[in-house]
Protein chains: 2
Amino acid sequence: MSQQSFELLILGSSAATPTAKRNPTSQLLNVAERFFLIDCGEGTQMQLRRYKARFQSVNHIFISHLHGDHFLGLPGFIASMHLLGRQNELTIYGPKELEELMAIIHKFSETQLNYSIKFVHTQTASKQLLFEDEKVEVYSVPLKHRIATTGFLFKEKPLPRNIDKYKLEKYNVSFAEIHKLKKGLDAVDNDGNVIKNEQLTIEGPKPRSYAFCSDTKYFEELAKNIQEVDLLYHESTFLESKIDRAAQTFHSTASQAAQMAVLAKADKLLLGHFSARYDNLDLFLEEARPIFSNTELAREGSVFSL
Amino acid sequence: MSQQSFELLILGSSAATPTAKRNPTSQLLNVAERFFLIDCGEGTQMQLRRYKARFQSVNHIFISHLHGDHFLGLPGFIASMHLLGRQNELTIYGPKELEELMAIIHKFSETQLNYSIKFVHTQTASKQLLFEDEKVEVYSVPLKHRIATTGFLFKEKPLPRNIDKYKLEKYNVSFAEIHKLKKGLDAVDNDGNVIKNEQLTIEGPKPRSYAFCSDTKYFEELAKNIQEVDLLYHESTFLESKIDRAAQTFHSTASQAAQMAVLAKADKLLLGHFSARYDNLDLFLEEARPIFSNTELAREGSVFSL
């Protein structure tokens with residue numbers, strides 16, 4: 001049995017001012033064939049096309065905050081899904097003002113969508129469960145930025161235990177019992193004895209998790225909400241030489257992002273939301289890796305699979 | 001003396017749904033070093049960077065209507081100009097609801113711009129002078145679309161007469177008199193006789209004009225407002241085989257755009273706003289040129305100089 005997918009596609013890596021090569025923030029996360037769009041900066045729909053992503057498979061969009069570079073691609077994406085015939089409900093998780101804004105845009109353009117949009121309002125007081133099904137759960141986590149902002153934590157539900165075929169032989173259990181074991185039930189051996197499920201199975205793969213943290217200043221309490229995350233995306237708008245500017249604008253440096261990865265005991269760190277002033281992004285790695293070695297850049301088109 | 005500039009850069013050629021290669025509507029027109037941005041679909045600021053256009057030189061933005069593919073790049077462009085230190089006033093010409101929408105977006109993002117924006121509200125009852133200085137005038141022209149929409153007509157002011165150096169010799173007028181002639185005054189010959197300006201000068205170049213007409217259904221009255229325009233951009237969302245769909249959605253076909261160029265006695269026609277369903281845009285030329293031969297496609301990055 002192949003493991004279920006857990007794959008992140010980076011659609012935009014730039015901070016507020018995009019460049020000719022860097023788009024504003026957006027990411028597409030596929031967990032067990034649920035496609036979650038995370039932030040939706042201007043141009044996201046074109047980026048989705050560029051990388052041949054499954055446009056209409058997105059049923060859940062998460063918006064961290066209402067600075068333009070994180071949501072201005074949303075109205076166009078919503079309109080295009082409509083024009084391309086979407087009928088499935090879309091759920092948008094974000095600040096409550098986003099619902100108001102979309103209503104106004106649709107009023108002025110006299111748009112009546114073919115599909116319904118459900119809005120789930122985020123808040124910044126505490127971690128909050130936003131979405132849950134049998135495979136995945138998604139939480140918002142409070143960030144500290146100039147306006148109300150949340151990050152998002154995506155976690156696989158505990159995965160089923162794997163059947164150990166050598167144990168089946170050892171305990172004289174026929175393959176016909178496998179369907180019981182898969183359901184978590186005990187099996188019966190060829191002599192009629194009950195054999196406990198745990199004796200015939202081994203622990204399933206560790207549930208994987210991804211935390212998206214943009215935009216935020218560095219603050220240690222964040223680490224509590226994302227402990228032992230496998231993949232951490234943490235914004236690094238600036239290099240350490242601009243730490244004052246980072247504090248002033250409620251952003252982080254590459255070193256601070258790396259420090260957060262250490263505190264959160266993350267497995268891997270992705271840096272992004274790079275200020276347009278930087279051409280050479282390798283400088284971000286050079287600054288972060290001495291603090292947290294397993295660090296990569298979240299550049300347009302990069303794919304990270306867990 | 002070199003003629004003043006009159007140059008159009010196409011930033012986007014797609015209809016409502018952009019494709020990987022075609023961006024939503026936007027154009028940059030340079031008339032005598034006035035940089036007019038016409039419509040501002042999603043991604044316009046990235047397109048301006050791609051084509052190395054002069055970002056902060058834009059002081060006037062014209063928005064035809066409030067369908068997303070014509071204005072959703074505006075909030076991001078406004079924000080980027082702010083972040084890049086703009087201080088000069090910006091004037092935006094468009095439907096009055098646009099002012100309301102921008103105010104809401106700035107309220108939700110808690111943005112206080114470093115520069116002021118002046119809004120000039122367009123109306124669709126009649127042709128209207130929107131802007132005028134010593135070199136250029138800009139009019140709105142009513143279009144017929146599903147929501148209130150205007151086109152825009154950009155016209156050079158009458159250009160000064162050119163001094164005829166052979167006539168100066170013939171009439172025995174010294175070069176020292178040139179500054180008077182340039183001001184439109186009469187000159188004095190070397191014997192003290194007054195020589196009329198018209199005798200020493202020849203008519204200046206014909207003032208040039210550009211009409212932007214998107215989005216609209218085909219309607220003959222439009223031709224009156226753009227008579228003898230040098231360059232006509234007319235939307236052609238569809239080919240003639242979709243003429244019913246064009247009528248239904250208040251759009252035009254390539255043939256209809258060509259017919260409008262004939263009625264308006266235009267010199268050259270540009271087609272644009274192509275539906276995403278069409279891959280081969282040459283079909284638009286094949287349809288339009290038998291009706292109006294001097295037709296070109298308004299594709300991303302194309303430059304048209306008059």
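Buried means under 20% relative accessible area, exposed over 50% and partly exposed in between, with a 1.4 Å probe and protein chains only. The model is predicted, so local features need pLDDT of at least 70 and side-chain atom pairs count only at pLDDT 80 or more, while totals for chains, interfaces and linings use all residues. Residues are numbered from 1 along each chain as its sequence is written, and side-chain values use heavy atoms, leaving out hydrogens and water.

**Exercise 1.** Find which residues of H2(B) are buried.

*Solution.* Finally, look at the cover, which includes helix H1 (44-50) and helix H3 (96-108) of chain B. Just past the helix, B:Gly85 has a positive phi of about 95°.

**Exercise 2.** Describe the contact between chain A and chain B.

*Solution.* First, list the residues in contact (heavy atoms within 4.5 Å): 34 from chain A and 34 from chain B. Then take the buried area (accessible area, 1.4 Å probe, that two parts lose on being put together, summed over both): about 2900 Å², 66% of it on carbon and sulfur atoms. On the chain A side, A:Glu42, A:Met46 and A:Phe108 lose the most area, together 24% of what that side buries. Lastly, see which elements of chain A give two or more residues to this side: helices H1 (44-50), H3 (74-83) and H4 (96-108). H4(A) gives the most, with six residues.

Methods
Chains lettered and ligands numbered in written order. Helix = DSSP H or I, 4+ residues; strand = E, 2+ residues; numbered from the N terminus.
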